[in-house]
Amino acid sequence: MTATLADLTTLRVGGPLATVVDAESEAEIVDAVTTADDAGEPVLVLGGGSNVLAADSGFPGVVVRDARREVVVESEDACGGAAVWASAGMPWDDVVVRAVAEGWTGIEALSGIPGSTGATPVQNVGAYGQEVGDVLASVRTWDRQERRVRTLARAELGLGYRTSALKRSLGRDAGWYPTPRFVVLRVMFQMRLASLSAPIQYAELARTLGVGVGDRVDSAEVRSAVLGLRRSKGMVLDAADHDTWSAGSFFTNPVLPPDTPLPEGAPRFESGDGRIKTSAAWLIQAAGFAKGFALDGSSASLSTKHALALTNRGGATAADLLALARVVRDGVRDSFGIALEPEPVLVGLEL
Ligand SMILES: Cc1cc2nc3c(=O)[nH]c(=O)nc-3n(C[C@H](O)[C@H](O)[C@H](O)COP(=O)(O)OP(=O)(O)OC[C@H]3O[C@@H](n4cnc5c(N)ncnc54)[C@H](O)[C@@H]3O)c2cc1C
């Protein structure tokens with residue numbers, strides 16, 4: 001039976017696939033991508049499919065997956081810390097498990113984020129006060145434009161909140177969509193050595209651990225507290241729990257000019273670049289969309305545990321999810337004049 005995008009994505013929607021290449025080496029990845037680019041065929045480099053909403057009509061091009069599962073320690077000492085690289089196909093949470101076990105700090109709060117290591121720099125994944133950018137040294141990529149392997153240093157990655165130069169290179173007009181111009185082959189990390197975590201930055205996590213913001217605790221404790229918090233919000237994949245049949249947060253938190261009036265009671269954070277950030281989940285609920293909200297007769301709903309996740313209750317289509325996303329986006333815009341932007345990559349669809 002031909003694979004469908006529903007089989008390969010955590011939202012479990014999306015139609016048939018023409019070709020799937022499971023590449024066992026860097027050369028095979030480059031070959032599959034280059035062959036498709038030469039033929040003018042669309043390319044979808046897919047990791048865990050946890051940040052994709054794909055069309056019911058399927059994907060007419062080539063899906064390339066990195067089958068390699070490698071973590072290599074280049075050097076490790078008390079002065080320089082741990083210089084480690086992981087192949088793009090390595091499941092991200094396995095890297096976190098290894099880091100916690102080895103005493104490499106800085107990614108313990110990123111426990112339980114689904115998907116591959118290669119996708120982590122694309123949207124600079126973050127949670128509970130940490131971002132992958134905090135420990136990224138560089139990224140080895142295949143540059144589809146210049147047709148050569150290029151290592152991009154951290155400073156070249158233009159990392160920001162849920163974005164990077166890799167994500168910006170997706171651009172629908174540039175012709176690379178739905179995969180970035182830069183295909184990640186390997187991610188290099190530089191982590192400090194310590195059994196204690198990096199300072200806890202997130203108030204809810206600090207409260208759960210019974211410590212103050214800025215304190216450091218055993219990294220294994222941080223991992224287990226984060227997994228507990230994430231499970232309570234349906235943010236750890238669990239086939240039996242429809243609240244996790246999602247792409248995680250469906251909308252990014254809006255980042256706005258500093259003088260933007262926010263609705264009364266809306267959370268307000270400094271975004272670090274002079275702008276302000278507010279909570280998309282808060283706006284969604286304040287606009288009248290409670291957890292579990294669904295359109296009549298639809299199998300797509302907001303998660304019953306977290307208003308920011310759009311979920312498939314079983315048998316939902318991409319069209320169901322898109323219809324829900326539009327109603328929520330429009331409701332927030334009509335209530336507060338704030339535009340919500342989708343976080344997942346939409347394959348064969350537009351919001
Ligand atoms: C339950 C749940 C919870 C989540 N929680 C979080 C969270 O806390 N924080 C957070 O930031 N995200 C979260 N996410 C979103 C998602 O897990 C991350 O964005 C993750 O990094 C996506 O990885 P993936 O391998 O599944 O990417 P995919 O969904 O397979 O791909 C997403 C995009 O990245 C591109 N891509 C994938 N691999 C590569 C590569 N090697 N080179 C270049 N481009 C590539 C794809 O082409 C596509 O454009 C969550 C998702 C779910 C389902």
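Guide: A residue is called buried when its relative accessible area is under 20%, exposed when that value is over 50%, and partly exposed in between, with a 1.4 Å probe and the protein chains only. The structure above is a predicted model, in which local features need pLDDT of at least 70, side-chain atom pairs count only at pLDDT 80 or more, and totals for chains, interfaces and linings use all residues. Residues are numbered from 1 along each chain as its sequence is written, and side-chain values use heavy atoms, with hydrogens and water left out.

Visitor: How should I read Arg-223, as buried or exposed?

Guide: Arg-223 counts as buried because its relative accessible area is 15%. This arginine is found in helix H6, where helices (H or I, at least four residues) and strands (E, at least two) are DSSP runs numbered from the N terminus. Contact means heavy atoms within 4.5 Å, and, leaving aside neighbours within four places in sequence, Arg-223 is in contact with Asp-93, Val-96, Val-97, Val-100, Glu-108, Ser-111 and Gly-112.

Visitor: Why does Ser-197 count as buried, and where is the place of Ser-197?

Guide: Ser-197 counts as buried because its relative accessible area is 0%, although the place of this residue is in the loop between E12 and H5. Beyond neighbours within four places in sequence, the contacts of Ser-197 are Thr-105, Glu-108, Arg-216, Val-217, Asp-218, Ser-219 and Val-222.

Visitor: Which residues is Phe-189 in contact with, leaving aside its neighbours within four places in sequence?

Guide: Phe-189 is in contact with Ala-82, Ala-83, Val-84, Ala-86, Trp-92, Thr-117, Val-132, Val-135, Leu-136 and Ala-137, once those neighbours are set aside.

Visitor: Turning to the ligand, how many residues surround it, and which are the closest?

Guide: A residue is near a molecule or strand if one of its heavy atoms lies within 4 Å of it. On that basis 37 residues surround the ligand, the closest being Val-45, Gly-47, Ser-50, Ser-116 and Gln-123. When Ala, Val, Leu, Ile, Met, Phe, Trp, Tyr, Cys and Pro count as nonpolar, Asp, Glu, Lys and Arg as charged, and the others, Gly among them, as polar, the shell has 20 nonpolar, 14 polar and three charged residues. Strand E2 (43–45), strand E8 (126–127) and strand E12 (182–193) each supply at least two residues of the shell, and E12 gives the most, with three.

Visitor: Which polar backbone atom is 2.8 Å from an oxygen atom of the ligand?

Guide: A polar contact is a pair of N or O atoms within 3.5 Å; within protein, one must be able to donate a hydrogen and the other to accept it, and residues adjacent in sequence count only if both atoms are side-chain atoms. The backbone atom in question belongs to Asn-51, at 2.8 Å from a ligand oxygen, while a backbone N or O atom of Pro-178 lies 2.9 Å from an oxygen atom of the ligand. A side-chain N or O atom of Arg-230 is 2.8 Å from a nitrogen atom of the ligand. Taken alone the ligand exposes 980 Å², of which the protein buries 96%, with accessible areas from the Shrake-Rupley method and a 1.4 Å probe, only the protein chains shown counting as cover for residues.

Visitor: What should I look for in the backbone, for instance at the peptide bond from Tyr-177 to Pro-178?

Guide: Most residues other than glycine have a negative phi, and most peptide bonds are trans. The bond from Tyr-177 to Pro-178 is cis, with omega near 5°, and Pro-178 is found in the loop between helix H4 (165–168) and E12. Tyr-128, which is not a glycine, has a positive phi near 50°, and Arg-147 likewise has a positive phi of about 55°. Tyr-128 is buried, with a relative accessible area of 10%, whereas Arg-147 is partly exposed at 40%.
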